Amino acid sequence: MRKHAPVLVCVTGQHDCDRLIRVGKTIAEERHSPLHVVSVVPSDTKNCCAELEYLRQNAQNAGAEMTIFFHDEPAYVTAAFLKQIGAQQLVTGMAEAPINGFIEVIHQLMPRVPIAMVDKDETVYHICPSAQTAISPQPIWSR
């Protein structure tokens, strides 16, 4: 039996990102897929340990591993991690003003991966690939 591709939840060092893990868990359960959580924290970050530990515990309670990267280019690191684990879906928060371009960069780099964006009240919005770029059995990136 072929293992299902994982669902990846991208969180920041904010306490309310637990809603993203809840939504990601629901999507993963519907698809019978494993769940992964990733956080890309700026390299000069000093005081988000309590929030990250809270989110790590939420990830663990949802049956997911959590990976933390310290880097100043979160979109590129997230896209590389998406590719590395072969994720079929990304779950992230909604961009607030000012927009930092994270979702746009991910979508440009990984156009075949659907993105579920979760707002503060847990309403989910989707960026879906077109029929020409939809996920298929081929690798996500091919050159």
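Buried means under 20% relative accessible area, exposed means over 50%, and partly exposed lies in between (1.4 Å probe, protein chains only). Keep those words in mind for the tour.

**Before you start.** This is a predicted model: local features need pLDDT of at least 70, side-chain atom pairs count only at pLDDT 80 or more, and totals for chains, interfaces and linings use all residues. Residues are numbered from 1 along each chain as its sequence is written, and side-chain values use heavy atoms, with hydrogens and water left out.

**Stop 1: E122.** Select E122. At a relative accessible area of 33%, E122 is partly exposed. Its phi is near 70°, a positive value in a residue other than glycine. E122 sits in the loop between β5 (115-118) and β6 (124-127). Helices (H or I, at least four residues) and strands (E, at least two) are DSSP runs, numbered from the N terminus.

**Stop 2: H32.** Now go to the loop between α1 (18-31) and β2 (35-41), where H32 is found. Is H32 buried or exposed? H32 has a relative accessible area of 63%, so H32 is exposed. Phi is positive here too: near 55°, in a residue other than glycine.

**Stop 3: the ring pair.** Select F69 and F81. The structure holds 1 aromatic pair. The ring centres of F69 and F81 are 5.5 Å apart and the planes meet at 70°, so the pair is edge-to-face. For the cut-offs: rings of Phe, Tyr and Trp (its six-membered ring) pair if their centres lie within 6.5 Å; planes under 30 degrees apart are stacked, over 60 edge-to-face, and the rest tilted. F69 belongs to strand β3 (residues 65-70) and F81 to helix α3 (residues 74-85), 12 residues apart. F69 is partly exposed, at 27% relative accessible area. F81 has 7% relative accessibility, so F81 counts as buried.

**Stop 4: the largest core.** Select V9, V11, I21, L35, V37, M66 and V91. These have the most contacts inside the largest nonpolar core, which has 22 residues. Such a core is a set of buried Ala, Val, Leu, Ile, Met, Phe, Trp, Tyr and Cys residues joined through side-chain atoms within 4.5 Å. Which elements each supply at least two residues? They are β1 (7-11), α1, β2, α2 (49-61) and β5. With 5 residues, α1 gives the most to this core.

**Stop 5: around V11.** Centre on V11. Leaving aside neighbours within four places in sequence, V11 is in contact (heavy atoms within 4.5 Å) with residues including C17, L20, I21, V37, L55 and M66.
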